[in-house]
Number of protein chains: 2
Amino acid sequence: MADPATCPPLTRASVQAAHDLIKPYIHLTPLLTCTTLSRIASTPRDLKGTRWEGRVPARPRMDLVFKCENFQKVGAFKARGAFHAVERLKQEPGFDPSTGVVTHSSGNHAQALALAARENGIKAYIVMPEISAKPKIAATKGYGAEVIFSGSTSVEREKVTKEVMERTGARLVPPYDHPDIILGQGTLGLEMQGQAREVFKGEGLDGVLAPCGGGGMLSGVALSCEGTGIRVWGCEPEKDGADDAKRGYYSGKRVESVSTLTIADGLRTPLGLYPWGIIYERRLVGGMYSVSEEEIKMALRLVYERMKIVIEPSSAVSLAIALYNEDFRKMVEEEGGEKGWKIGCVFTGGNVSLEALGELFGTMGEGLEEAAAKDQIGE
Amino acid sequence: MADPATCPPLTRASVQAAHDLIKPYIHLTPLLTCTTLSRIASTPRDLKGTRWEGRVPARPRMDLVFKCENFQKVGAFKARGAFHAVERLKQEPGFDPSTGVVTHSSGNHAQALALAARENGIKAYIVMPEISAKPKIAATKGYGAEVIFSGSTSVEREKVTKEVMERTGARLVPPYDHPDIILGQGTLGLEMQGQAREVFKGEGLDGVLAPCGGGGMLSGVALSCEGTGIRVWGCEPEKDGADDAKRGYYSGKRVESVSTLTIADGLRTPLGLYPWGIIYERRLVGGMYSVSEEEIKMALRLVYERMKIVIEPSSAVSLAIALYNEDFRKMVEEEGGEKGWKIGCVFTGGNVSLEALGELFGTMGEGLEEAAAKDQIGE
């Protein structure tokens, strides 16, 4: 990874420069609309039985659009940061492709780095826990990376990663807490801005809902919106304290560790230091919101049933905030008024196994099926 | 339904006229590409353990494109036929919208007719078995139709349908065996032809693989290709004799009843009389092919994992033929030669419950997971 001291400043212009660098390598993913989901978002909820019971339901007006990074290379936005990190390394005097790059990840970042390295003739080492799912190991190897196994705790993984670095000289490319990664992920925000003006015939977005795990993508998107007047909000699951960024944001102290088994498995990591600087210290994110596991599942179901696209549970967290978080909805009602707001939801990726989906929905209760059936009234 | 005697002739020009009529009401669904799936289709299969074991694997060259009717209104191509049938009724002197239309269906045709009727201010009666899934009943009611319950045998459903017709004067709109329905479904074939020329920069399709249940869509697509030089092939599941159209096609005698529980539940019906005339008697379909349940599942999995879109099992049958039917693949190798063929696969719809998906893939064997993992090497 390039030395952070030599990185471009964390500004909108640097996101634009990152976009110019990676554009030849990534997909311009579609920004999709869905009349039914915008209609549901703009309909007051029945709050009976929810934690908001007793409140007057909010009456927001939202036009939702969806940035579909599930159609991105490797099936997730992580391709953006990885390609940008690799491009920046290539520009570094003396960087030797044969010594390569290394990361520890069993998720989308692993495949993204493996692909970015392969496309640039760079050796890639990926440290994965021995217990990783076989298809993930096969996929990472399929992209030409050398997979090195470790234990599954972060201490064990970091130890093995360090050994690889010492043995091979490979450069570490971390998953989110680095300026080059942040600038790369932020490019999806730039694309959304242009695509939304096409969808809305000249009018731009009023705001963006972006999921937050380590915060690389959320902070990059916030940079891409700086000075445009577009609001940016962070979206988290709340199970087992997965809403660490929200808790940090409202207490003024970054939460440094998280241990959660939320189904939004891309969002289990604590907020990184660079993202914290952008999200909290520079206040480029206007608010943080969270949702329950059931709300994530309901949003996920709506996307499968109404939009007919495959997204991973982490993706659904942005839509779940728009549909189910009454604090967010009340704010949109009050500030967006009669005209309402045009809101972009980021779908982070589409890498979910069919077995995992089967488990998620095979166990869904009758009540939820009924709720889903009530929504079956659209286009 | 319009009297068949007054229907337009079953020609390509009539499909074009149908398209002009329904274009304002339907979505122009995308024709998608997928590099990985074309690559897999163009790679010789390992035939060990398959029913083709011992053969030399075929080496076809295929560029696949996918007509995504899962993104059509009501989530299936059935919207086309229903809107066309309703438009034709509206043109009939003396047709009274308040007497309405009726059909018996618990599937995509029910929702398609309900929507087409609502959009035209026409009353719709849908006869559904009492045991239909609640979300399907809710969805049909959601489109404004009056749902009338019957027993689940075809005799019981037809009896109730007849009662509705006698009581209300509503006109019957059958799901596939009628010229207006066939011409409506065929419009997707016309769209594919134009879209393929865009995708392939001026070059057109060499052939189309279309699933076949009652045969309304397959025969409509065949009409849309008449005189263009584009080959059309029918695709069926083979479980419990679901390959009735294939057996009829090669024996010269239409099979009039089928009883199968194939997972491709849109393809459980026997071939209709009008479709038979087009497919077999006029020989507008060049061949019929079938695949096993496991092959359908493998194709379905690839679409979810690689294309990230939601399709119903019936949709996957077209892709499964391209990937797994060695008779078809051998034919493409021999006739398509070095240059290969550009083949359009019809994805019929995307209406599958997440619970059903969970059941399908929750029970998938280890061998299949391994096979799927081997395919994880794409873009």
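**A walk through chains A and B**

Start with helix H3 of chain B, where B:Lys78, B:Ala79, B:Arg80, B:Gly81, B:Ala82, B:Phe83, B:His84, B:Ala85, B:Val86, B:Glu87, B:Arg88 and B:Leu89 are buried. Keep in mind as you look around that this is a predicted model. Helix H3 of chain B covers residues 78–91, and its 14 residues reach 20 Å from the first C-alpha to the last, close to the 20 Å expected at 1.5 Å a residue. With 12 of those 14 residues buried, H3(B) is mostly covered.

So what do the buried residues of H3(B) pack against? On the helical side, the partners are H1 (12–22), H4 (108–119) and H7 (179–199) of chain B. The strands that the buried residues of H3(B) pack against are S2 (62–68), S3 (101–104) and S6 (171–172), again in chain B.

In chain B, an open sheet of 4 strands runs in the order S5-S4-S3-S6, with parallel pairing. S5 and S6 of chain B are the edge strands, and each has a single partner strand, so one side of each is left without a neighbour in the sheet. At the S6 end, S3(B) and S6(B) pair in the parallel sense over 2 bridges. If you want to find that pairing on screen, look for B:Val102, whose bridge partner in S6(B) is B:Leu172.

B:Tyr125 is a handy landmark: its bridge partner in S5(B) is B:Glu146. Which helix belongs with these two strands in a β-α-β unit? That would be H5 of chain B, residues 134–142, and the unit that S4(B), H5(B) and S5(B) make is right-handed.

Next, look at residue 240 in each chain. A:Asp240 has a phi near 50°, a positive value in a residue other than glycine. You'll find A:Asp240 in the loop between strand S8 (231–237) and helix H9 (244–251) of chain A. B:Asp240 sits in the loop between strand S8 (231–237) and helix H9 (244–251) of chain B. Are these aspartates buried, or partly exposed? A:Asp240 is partly exposed, with a relative accessible area of 45%, and B:Asp240 is partly exposed too, at 46%.

Stay with helix H9 of chain A, and pick out A:Arg247, which is found in that helix. A:Arg247 is partly exposed, with a relative accessible area of 37%. Leaving aside neighbours within four places in sequence, A:Arg247 is in contact with A:Gly241 and A:Val255. With A:Gly241 there is a polar detail to look at: its backbone oxygen lies 2.6 Å from a polar atom of the A:Arg247 side chain. Further along the chain is A:Met288, 41 residues apart from A:Arg247, and the two C-alpha atoms are separated by 8.6 Å.

Finally, zoom out on chain A. An unreviewed UniProt entry places the feature "domain: Tryptophan synthase beta chain-like PALP" at residues 60–327 of chain A. Over that stretch, the chain is 47% helix and 15% strand. How far apart are the end C-alpha atoms of residues 60–327 of chain A? They are 11 Å apart.

Conventions
Residues numbered from 1 in each chain as written. Chains lettered and ligands numbered in written order. Predicted model: local features only at pLDDT ≥ 70, side-chain atom pairs only at ≥ 80, totals over all residues. Heavy atoms only, no water. Pairing = 2+ DSSP bridges. Right-handed = clockwise from strand over helix to strand, strands pointing away. Expected span 1.5 Å × (residues − 1). Buried < 20%, exposed > 50% of the residue type's maximum accessible area, 1.4 Å probe, protein only. Contact = heavy atoms within 4.5 Å. Polar contact = N/O pair within 3.5 Å; in protein donor to acceptor, adjacent residues only side chain to side chain. UniProt positions renumbered as here; feature names shortened; annotations may be inferred.
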